[in-house]
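Here is a short report on one protein model. Have the sequence and the structure open while reading.

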Amino acid sequence: MQSKGYAVLEASKPLVPFTFTRRELRPADVAVAIEYAGICHSDIHQAREEWGPAIFPMVPGHEIAGVVSAIGSAVTKFKVGDRIGVGVFIDSCRECSSCKAGLEQYCTQGMTGTYNGYERDGKTVAQGGYSDSFVVDQDYAVTIPSNLDMAGVAPLLCAGITLYSPLKNWGAGKGKKVGIMGLGGLGHMGLKFAHALGAHTTVFSHSPSKESDAKAMGADDFVVTKDITALKPIYKSFDLILNTISADIDLDPYLQLLKLDGTLVVIGLPGKPYAINVGTLLDQRRSLAGSMIGGVAELQEMLNFCGEHNIVSDVEVIKSDYINQAYERTVASDVKYRFVIDAKSF
């Protein structure tokens with residue numbers, strides 16, 4: 001299958017138009033006519049080789065929303081014309097305890113990323129969603145509810161599930177007090193989900209200008225963190241805090257916000273290891289944890305939840321020739337709140 005898209009040919013170089021070949025359909029595969037592909041900050045890190053050696057040419061993109069255009073002979077999960085989503089991984093070992101528990105993202109042999117990696121055969125380079133078509137095993141794709149805007153759905157497949165999974169795992173809901181650190185591409189999804197789950201939700205942001213957006217998305221409280229002493233009056237009051245900030249920050253004031261047995265979950269990836277005050281963890285038996293995306297079943301659960309509550313990401317839709325400018329604006333936090341590429345422009 002011939003695909004048209006955009007690729008990085010060398011580390012840190014601009015993305016350029018790129019034509020390449022997808023594999024022929026295997027019996028369990030579906031072909032996807034991509035409609036929208038989200039831009040994730042991790043795409044930028046990998047295209048710029050900031051997370052270690054990468055594979056070039058690289059077609060980034062792991063937030064894929066489209067329509068099934070063809071199916072393999074053994075496919076039962078989808079039919080031609082179905083709305084379909086593909087997220088951060090496209091395969092896993094399928095045999096380990098994590099895979100069997102529906103937690104493929106924690107595959108002990110390593111999940112197969114949607115791009116910048118090799119498929120399970122160890123030879124085929126996986127190319128991502130910045131393109132007009134895709135091929136994926138039916139077991140690693142999900143159904144998109146019919147009432148949701150496809151452009152707004154695309155970021156749910158990474159940013160959305162990255163916040164939904166820890167909120168569900170740590171029991172966010174009615175009677176719980178949840179904090180969201182940062183109101184960006186990740187944080188705004190955490191806010192929408194925590195509010196829809198019924199939790200009392202507070203946004204922590206260094207940008208006072210984002211308060212109106214936060215309140216419109218369901219925030220009960222908004223705390224400006226330019227002066228960190230503003231947190232002191234609410235120490236020992238939160239059940240769960242999600243840190244979506246990738247910058248190197250001092251976690252201690254936020255850990256002190258947790259009540260007995262509260263948990264702070266790290267989601268954003270900082271540039272260097274955190275320094276942790278262990279005394280703050282010992283006090284109130286607090287926990288510091290991490291979380292990464294979700295398995296296929298949870299991804300479908302999240303999309304169904306979004307369909308029921310009419311939740312999508314706030315997006316700015318762009319054409320493919322704007323990707324490089326979008327990368328610069330993403331790095332500068334100049335987007336509300338995710339860029340999404342219209343695949344018709346490839």
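Helices, of at least four residues, and strands, of at least two, are DSSP runs numbered from the N terminus. In those terms, Pro-57 lies in the loop between H1 and strand S4 (64-71). The model is predicted.

**Backbone features**

Most residues other than glycine have a negative phi, and most peptide bonds are trans.

| Site | Feature | Value |
|---|---|---|
| Phe-56 to Pro-57 | cis peptide bond | omega about 0° |
| Lys-336 to Tyr-337 | cis peptide bond | omega near -5° |
| Ser-12 | positive phi, not a glycine | phi about 70° |
| Asn-310 | positive phi, not a glycine | phi about 55° |

Tyr-337 is in the loop between helix H10 (323-331) and S19. Ser-12 sits in the loop between strand S1 (2-8) and strand S2 (15-21). Asn-310 belongs to the loop between H9 and strand S18 (315-318). Asn-310 is exposed, because its relative accessible area is 54% and the cut-off for exposed is over 50%.

**Helix H4**

Now take H4 with H9. Their axes lie 10 Å apart, at an angle of about 95°. H4 is therefore roughly perpendicular to H9. On the H4 side, the contact uses Gly-160, Ile-161, Tyr-164, Ser-165 and Lys-168. On the H9 side, Glu-298, Leu-299, Glu-301, Met-302 and Phe-305 take part. By type, the contact residues are 5 nonpolar, 2 polar and 3 charged.

**Rings and a buried serine**

The whole structure has 9 aromatic pairs. Tyr-164, Phe-193 and Phe-305 form a cluster linked by ring pairs. Tyr-164 and Phe-305 also belong to the contact of H4 with H9. Elsewhere, the charged end of Lys-177 sits over the ring of Phe-238, 4.8 Å from the ring centre.

Is Ser-42 buried or exposed? Ser-42 lies in helix H1 (residues 41-47). Its relative accessibility is 10%, so Ser-42 counts as buried. Beyond its neighbours within four places in sequence, Ser-42 contacts Trp-51, His-62 and Tyr-115.

Definitions and conventions. Residues numbered from 1 in each chain as written. Predicted model: local features only at pLDDT ≥ 70, side-chain atom pairs only at ≥ 80, totals over all residues. Heavy atoms only, no water. Axes fitted to C-alpha atoms, helices over the stretch in contact; angles between N-to-C directions. Parallel < 35°, antiparallel > 145°, perpendicular 65-115°, else oblique. Contact = heavy atoms within 4.5 Å. Nonpolar A, V, L, I, M, F, W, Y, C, P; charged D, E, K, R; others polar. Phe/Tyr/Trp six-rings, centres within 6.5 Å; stacked < 30°, edge-to-face > 60°. Lys NZ or Arg CZ within 6 Å of the ring centre and 35° of its normal. Buried < 20%, exposed > 50% of the residue type's maximum accessible area, 1.4 Å probe, protein only.
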